[in-house]
Each structure stands twice: as C-alpha cells, then as structure tokens.
Amino acid sequence: MSGTDHNSQAPWGGPQPTVVLIAPQMGENIGSAARAMWNFGLERMRLVTPRDGWPNPAAVATSSGASRVLDHVQVYDSTADALAEMDYVFATTARSRDLTKPVMTPERAMEHARAMTAAGKRVGIMFGPERAGLENVDISQANAIVSVPVNPGFASLNLAQCVLLVAYEWRRQTGEDAPEVVELAGTDFASQVEVEKLFEHFSQRLDDAGFFFPDHKADSMRLNLRNMLSRLPMTQADIQTFHGMLRQFVRWKERGD
C-alpha cells in the first residue's frame, strides 16, 4: 500500500464513504472519476492494481482541478487489502450475478451509506474496471450490490459515469438543497394585498371595455380572473408591470379620441 490516509471532510461536512476503483485501466478514467467525486464533495479514493501504475499524469490532466482527491489517493495490491478496515462495502454492477446479496438502487444505497457513516461506520463503494466491471471474486467481498436502473438492452456505463451517479445520490442525501427555487432578480414576491389591488385594476379596465358580458356571467368571469391572478407566482415587479400596461391602455384610448 502507498499513500497516506486522508481524514479531512468534504466541504458540506460530515463523514463520507471511500471510493475504491478495482483495476482501473486508464489514467484518464481515474482523473474523470476524481472529478465526478469532487463535484459532489467526495474526496477519498483508493486504487487496486491500476494497470498503468500510480501516480499517473493522464489522471491529473483529466481531473480538471480535483487535485484534493488525487493528491491523497491510496494504492493497494488486492481488493481484500483495500477493504480490510471497512465496516460495510457496496459493489456497483449493472449485471445480475450468482451471488445472494441485497441489490439496491444508487439512491437507496446512499441512504444506507449516509446513515452508516453518520454512525461512525467506515463505508466503501467498489467500482470495477472499464472493460468488464467487477469480477465475482470482488463482489463476493461486498455486503450489498448497487445496480443502476439503466436500459437493459445497453447497460454499459463508463467508470466516471457510474461514479458520478453514485456521488450525486450521496450528495442528494444531505437534504440541504431545495427541490425548486425561484431567483427573484432583486425583487420580492407580491403580497396578497398587491395581487388583490391588481385584480381590482384589471376588473375596472375590463369592465370599462365591456369585457364582462353577458351580465349573468360577470360574477363567474371575475371569479376566474381573481383565481388566475392568485395562481400566478407574481413578483412585485410583475405587479408594477401589469399596472403600467393597464394605465397605458387608457392613455392610448384617450389619445385616439
């Protein structure tokens, strides 16, 4: 084994699993995997018998600045050595195997990984070589299998893609990011009073224009207008724009007279 164990935390805080690449073939793929890891705050990488040795200049060139990962890579002579002190290990594979183990999606696996690392457990995630993936002898040393739900007619993922999918699910388990946000561009959402005032302005102008016709449908039409305006996620800037448009319609009509 070479390298020094790296215990610093990802920028989002908390413990994290170790990514273990079994017999990676190309330095470019190691670098791309490191980039994918660091995109989502993972920084612990171990290599088992990399084909082209280590360190590898090609890995650095393709890592796009993920030196925090590559500078602390550990290299092992066997899968057993790389996993020796792990409490729980996941093996990633897209193919069914003749081994009885739990099979999880990346999402479910990273839920387990998050809980175990939070409890102080050391968790590893194995990825196989680019050409053929993990061998049964490697998978047999894992506690569970991670299987990406890909197209069964074309299940091939390259190494960096697979690392990216799992790392993304790990990052998603933090729960820090809202599923949807609205960039308000220097304004605020309109208040209920502001929306109501806009409805009154619309209602007045449309009434002047004879829009609410026939009379027996006027109340229903006003109700639909109020509902439409309240349903829109309007900002204060939107409200001001609508008021300006409505005032301009009046000015234009007066000029036409």
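These are my notebook entries on a predicted protein model.

**Ground rules**

I count residues from 1 along each chain as its sequence is written. Since I have a predicted model here, local features need pLDDT of at least 70 and side-chain atom pairs need 80 or more, while totals for chains, interfaces and linings use all residues; side-chain values use heavy atoms, with hydrogens and water left out.

**Entry 1: overview**

I looked up the secondary structure and got ten helices and seven strands. Helices (H or I, at least four residues) and strands (E, at least two) are DSSP runs, numbered from the N terminus. The protein has 257 residues, and 39% of them count as buried. For burial I use relative accessible area: under 20% is buried, over 50% is exposed, and in between is partly exposed (1.4 Å probe, protein chains only). Next I checked contacts, meaning heavy atoms within 4.5 Å. Of the contacts with a separation of 6 or more, 83% are between residues 24 or more positions apart.

**Entry 2: the cores**

Which residues have the most contacts inside the largest nonpolar core? I found Leu-21, Met-45, Phe-90, Phe-127 and Val-163, in a core of 35 residues. Helix H7 (residues 159–172) gives the largest share, six residues. Apart from this core lies another, of 14 residues, including Tyr-76 and Ile-139. A nonpolar core here is a set of buried Ala, Val, Leu, Ile, Met, Phe, Trp, Tyr and Cys residues joined through side-chain atoms within 4.5 Å.

I then zoomed in on Leu-21. Not counting residues up to four places away in sequence, Leu-21 touches residues including Ile-30, Met-45, Phe-127 and Val-163.

**Entry 3: rings**

I found four aromatic pairs. Rings of Phe, Tyr and Trp (its six-membered ring) pair if their centres lie within 6.5 Å; planes under 30 degrees apart are stacked, over 60 edge-to-face, and the rest tilted. Phe-40 and Tyr-168 are edge-to-face, 5.8 Å centre to centre with 75° between the planes. They link distant parts of the chain, 128 residues apart: Phe-40 is in the loop between helix H1 (27–39) and strand S2 (45–48), and Tyr-168 is in helix H7. Phe-40 is buried at 19%, while Tyr-168 is partly exposed at 39%.

Phe-211 and Phe-212 are also an edge-to-face pair, with centres 5.4 Å apart. Phe-212 is buried at 6% relative accessibility, and the charged end of Arg-222 sits over its ring, 4.2 Å from the centre. A charge sits over a ring if NZ of Lys or CZ of Arg is within 6 Å of the ring centre and within 35 degrees of the ring normal. Arg-114 does this to Trp-170, at 3.6 Å.

**Entry 4: helix H5**

Arg-114 is one of the buried residues of H5, as are Ala-109, Met-110 and Ala-113. The buried residues of H5 pack against H7 and several strands, among them S4 (88–92) and S6 (123–127). Just after H5, Gly-120 takes a positive phi of about 90°.

Most residues other than glycine have a negative phi, and most peptide bonds are trans. Where are the exceptions I noted? A cis bond joins Trp-54 and Pro-55, with omega about 5°, and another runs from Phe-213 to Pro-214, with omega near 0°. Ala-23 has a positive phi of about 50°, in the loop between strand S1 (18–22) and H1.
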